[in-house]
Amino acid sequence: MAINSAVAQTLEEQINAELYSSYLYLTFADYYEDRGLKGFANWYMIQVKEEADHALAIRRYLLDNDYKPTMEAIAKPDKVFENDLEPLEAGLAHEEYVTSLIHHCYEVAHEVRDIRAMQMLDWFVKEQGEEEANARDMVTNMKLFGSDPKGLFDLDREYQARVYTAQTALPM
(Lines give C-alpha, C1' and ligand atoms only; values in the text may rest on other atoms or scores of the structure.)
Protein backbone atom coordinates (compact mmCIF):
# COMPACT_ATOMS: atom_id res chain seq x y z
CA MET A 1 0.00 0.00 0.00
CA ALA A 2 1.37 3.41 -0.99
CA ILE A 3 1.90 5.99 1.70
CA ASN A 4 -0.80 8.64 1.95
CA SER A 5 0.35 11.88 0.29
CA ALA A 6 -0.61 14.06 3.28
CA VAL A 7 1.35 11.81 5.65
CA ALA A 8 4.34 11.77 3.30
CA GLN A 9 4.33 15.56 2.94
CA THR A 10 4.07 16.09 6.71
CA LEU A 11 6.92 13.67 7.36
CA GLU A 12 8.97 15.35 4.65
CA GLU A 13 8.45 18.67 6.43
CA GLN A 14 9.53 16.99 9.68
CA ILE A 15 12.81 15.97 8.06
CA ASN A 16 13.51 19.64 7.43
CA ALA A 17 12.51 20.54 11.00
CA GLU A 18 14.88 17.91 12.41
CA LEU A 19 17.73 19.18 10.24
CA TYR A 20 16.98 22.73 11.36
CA SER A 21 17.16 21.51 14.97
CA SER A 22 20.57 20.06 14.24
CA TYR A 23 21.69 23.34 12.70
CA LEU A 24 20.27 25.36 15.61
CA TYR A 25 21.99 23.19 18.22
CA LEU A 26 25.27 23.65 16.37
CA THR A 27 24.96 27.38 17.10
CA PHE A 28 24.38 26.55 20.77
CA ALA A 29 27.52 24.40 20.81
CA ASP A 30 29.45 27.24 19.19
CA TYR A 31 28.22 29.68 21.87
CA TYR A 32 29.42 27.40 24.66
CA GLU A 33 32.74 26.65 22.91
CA ASP A 34 33.35 30.40 22.75
CA ARG A 35 32.59 30.63 26.47
CA GLY A 36 35.04 27.83 27.28
CA LEU A 37 32.26 25.52 28.47
CA LYS A 38 33.32 22.38 26.64
CA GLY A 39 30.83 20.17 28.47
CA PHE A 40 27.84 22.25 27.42
CA ALA A 41 29.27 22.34 23.89
CA ASN A 42 29.61 18.54 24.00
CA TRP A 43 25.98 18.17 25.09
CA TYR A 44 24.79 20.19 22.12
CA MET A 45 27.17 18.52 19.65
CA ILE A 46 25.53 15.24 20.62
CA GLN A 47 22.13 16.88 20.11
CA VAL A 48 23.31 17.94 16.63
CA LYS A 49 24.01 14.30 15.76
CA GLU A 50 20.78 13.00 17.32
CA GLU A 51 18.62 15.48 15.43
CA ALA A 52 20.33 14.50 12.17
CA ASP A 53 19.67 10.85 13.10
CA HIS A 54 15.98 11.67 13.53
CA ALA A 55 15.85 13.27 10.07
CA LEU A 56 17.57 10.26 8.54
CA ALA A 57 15.21 7.85 10.29
CA ILE A 58 12.17 9.63 8.87
CA ARG A 59 13.83 9.74 5.44
CA ARG A 60 14.45 6.00 5.66
CA TYR A 61 10.81 5.42 6.63
CA LEU A 62 9.64 7.37 3.59
CA LEU A 63 12.04 5.56 1.26
CA ASP A 64 10.96 2.20 2.70
CA ASN A 65 7.38 3.18 1.90
CA ASP A 66 8.18 3.98 -1.73
CA TYR A 67 8.29 7.75 -1.33
CA LYS A 68 11.32 9.80 -2.35
CA PRO A 69 11.59 12.85 -0.09
CA THR A 70 12.67 16.23 -1.39
CA MET A 71 15.26 18.07 0.68
CA GLU A 72 14.38 21.70 1.25
CA ALA A 73 16.58 24.61 2.33
CA ILE A 74 17.35 24.83 6.02
CA ALA A 75 16.59 28.18 7.62
CA LYS A 76 19.44 30.13 9.20
CA PRO A 77 19.25 30.18 13.03
CA ASP A 78 18.98 33.76 14.25
CA LYS A 79 19.51 33.40 18.00
CA VAL A 80 21.98 35.69 19.80
CA PHE A 81 22.73 34.94 23.43
CA GLU A 82 23.65 37.30 26.24
CA ASN A 83 24.24 34.71 28.98
CA ASP A 84 24.71 30.99 29.58
CA LEU A 85 21.06 30.39 30.47
CA GLU A 86 19.59 31.74 27.22
CA PRO A 87 20.65 28.84 24.94
CA LEU A 88 19.18 26.38 27.44
CA GLU A 89 15.87 28.24 27.57
CA ALA A 90 15.85 28.48 23.77
CA GLY A 91 16.56 24.74 23.64
CA LEU A 92 13.59 23.96 25.88
CA ALA A 93 11.29 26.20 23.83
CA HIS A 94 12.53 24.56 20.65
CA GLU A 95 11.97 21.03 21.99
CA GLU A 96 8.43 21.99 22.96
CA TYR A 97 7.91 23.29 19.42
CA VAL A 98 9.30 20.07 17.90
CA THR A 99 6.94 18.10 20.13
CA SER A 100 4.04 20.04 18.61
CA LEU A 101 5.33 19.17 15.14
CA ILE A 102 5.57 15.46 15.99
CA HIS A 103 2.05 15.59 17.40
CA HIS A 104 0.89 17.18 14.15
CA CYS A 105 2.53 14.37 12.14
CA TYR A 106 0.74 11.86 14.35
CA GLU A 107 -2.60 13.64 13.94
CA VAL A 108 -2.26 13.61 10.14
CA ALA A 109 -1.43 9.89 10.18
CA HIS A 110 -4.34 9.24 12.55
CA GLU A 111 -6.80 11.12 10.33
CA VAL A 112 -6.07 8.79 7.41
CA ARG A 113 -5.67 5.71 9.61
CA ASP A 114 -2.03 5.16 8.66
CA ILE A 115 -1.22 2.67 11.41
CA ARG A 116 2.38 2.11 10.24
CA ALA A 117 3.16 5.82 10.36
CA MET A 118 1.51 6.12 13.78
CA GLN A 119 3.56 3.20 15.05
CA MET A 120 6.77 4.80 13.76
CA LEU A 121 5.78 8.12 15.29
CA ASP A 122 5.17 6.50 18.69
CA TRP A 123 8.96 6.35 19.08
CA PHE A 124 9.25 10.07 18.30
CA VAL A 125 6.49 10.96 20.78
CA LYS A 126 8.40 9.13 23.53
CA GLU A 127 11.71 10.66 22.41
CA GLN A 128 10.25 14.16 22.58
CA GLY A 129 9.13 13.56 26.15
CA GLU A 130 12.72 12.67 27.03
CA GLU A 131 14.10 15.64 25.10
CA GLU A 132 11.81 18.08 26.89
CA ALA A 133 12.66 16.59 30.30
CA ASN A 134 16.40 16.86 29.60
CA ALA A 135 16.06 20.44 28.39
CA ARG A 136 13.94 21.38 31.40
CA ASP A 137 16.49 19.80 33.77
CA MET A 138 19.31 21.75 32.14
CA VAL A 139 17.43 25.03 32.63
CA THR A 140 16.67 24.16 36.26
CA ASN A 141 20.27 23.15 36.96
CA MET A 142 21.64 26.33 35.42
CA LYS A 143 19.25 28.44 37.49
CA LEU A 144 20.21 26.57 40.66
CA PHE A 145 23.96 26.23 40.18
CA GLY A 146 25.09 28.24 37.16
CA SER A 147 25.67 31.54 38.93
CA ASP A 148 28.28 29.92 41.19
CA PRO A 149 31.63 29.27 39.42
CA LYS A 150 32.06 25.90 41.16
CA GLY A 151 28.48 24.91 40.32
CA LEU A 152 28.96 25.91 36.67
CA PHE A 153 32.23 23.96 36.58
CA ASP A 154 30.49 20.86 37.98
CA LEU A 155 27.64 21.12 35.47
CA ASP A 156 30.11 21.52 32.64
CA ARG A 157 31.99 18.42 33.78
CA GLU A 158 28.74 16.46 34.00
CA TYR A 159 27.77 17.41 30.44
CA GLN A 160 31.27 16.63 29.21
CA ALA A 161 30.72 12.99 30.18
CA ARG A 162 27.76 12.57 27.81
CA VAL A 163 28.52 10.15 24.99
CA TYR A 164 26.88 9.91 21.57
CA THR A 165 25.25 6.60 20.71
CA ALA A 166 24.56 6.23 17.02
CA GLN A 167 21.02 5.30 16.13
CA THR A 168 21.35 2.18 14.03
CA ALA A 169 17.66 1.75 13.25
CA LEU A 170 14.42 3.38 14.15
CA PRO A 171 12.75 1.25 16.81
CA MET A 172 9.32 0.14 15.63
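## A tour from loop to core

Select Arg-113. This residue is exposed, with a relative accessible area of 68%. Keep in mind that the model is predicted. Arg-113 sits in the loop between α3 and α4. Check its backbone: phi is positive, about 60 degrees, although Arg-113 is not a glycine.

**Stop 1: another loop**

Now select Asp-66. Find it in the loop between α2 and α3. Asp-66 also has a positive phi of about 60 degrees, and it is not a glycine. Is Asp-66 buried or exposed? Its relative accessibility is 75%, so it counts as exposed.

**Stop 2: a residue on α3**

Move to Glu-107, which lies in helix α3. At 46% relative accessibility, Glu-107 counts as partly exposed, because that class runs between 20% and 50%. Glu-107 and Ile-74 are 33 residues apart along the chain. Their C-alpha atoms are separated by 24 Å.

**Stop 3: two packed helices**

Select residues 5-35 for helix α1 and residues 85-111 for helix α3. Two packed helices are described by the angle between their axes and the distance between the axes. Here the angle is about 170 degrees, and the axes are 10 Å apart. An angle over 145 degrees counts as roughly antiparallel, so α1 and α3 are roughly antiparallel to each other. Which residue classes make up the contact of α1 with α3? There are 19 nonpolar, six polar and two charged residues.

**Stop 4: the cavity**

Look inside next. The structure holds one cavity of 30 Å³ or more. About 70 Å³ of space lies in the largest cavity. To see its lining, select Tyr-25, Trp-43, Tyr-44, Gln-47, Gly-91, Glu-95, Glu-131, Asn-134, Ala-135 and Met-138. Colour by helix: α2 (38-64), α3 and α4 (115-145) each give two or more residues to this lining. Which helix gives the most? That is α4, with four residues. Now colour by class: the lining divides into five nonpolar, three polar and two charged residues.

**Stop 5: the core**

End at the largest nonpolar core, which has 24 residues. In soluble globular proteins, nonpolar side chains tend to be buried together. Select Phe-28, Tyr-32, Phe-40, Tyr-44, Leu-88 and Met-138, the residues with the most contacts inside this core. At least two core residues come from each of α1, α2, α3, α4 and α5 (149-160). The largest share comes from α1, with seven residues. Keep Tyr-44 and Met-138 highlighted: they also line the largest cavity.

Conventions
Residues are numbered from 1 along each chain as its sequence is written. This is a predicted model: local features need pLDDT of at least 70, side-chain atom pairs count only at pLDDT 80 or more; totals for chains, interfaces and linings use all residues. Side-chain values use heavy atoms; hydrogens and water are left out. Axes are lines fitted to C-alpha atoms, for helices over the stretch in contact, and angles run from 0 to 180 degrees between N-to-C directions. Angles under 35 degrees count as roughly parallel, over 145 as roughly antiparallel, 65 to 115 as roughly perpendicular and the rest as oblique. Ala, Val, Leu, Ile, Met, Phe, Trp, Tyr, Cys and Pro count as nonpolar, Asp, Glu, Lys and Arg as charged, and the others, Gly among them, as polar. On a 1 Å grid over the protein atoms alone, a cavity is a set of points where a 1.4 Å probe fits but cannot get out, and a pocket is an open set with protein on both sides within 12 Å along at least five of seven lines; lining residues have an atom within 4 Å of a point. Grid points are joined across faces, edges and corners, and a volume is the space filled by probe spheres set on the points. A nonpolar core is a set of buried Ala, Val, Leu, Ile, Met, Phe, Trp, Tyr and Cys residues joined through side-chain atoms within 4.5 Å. Buried means under 20% relative accessible area, exposed over 50%, partly exposed in between (1.4 Å probe, protein chains only).
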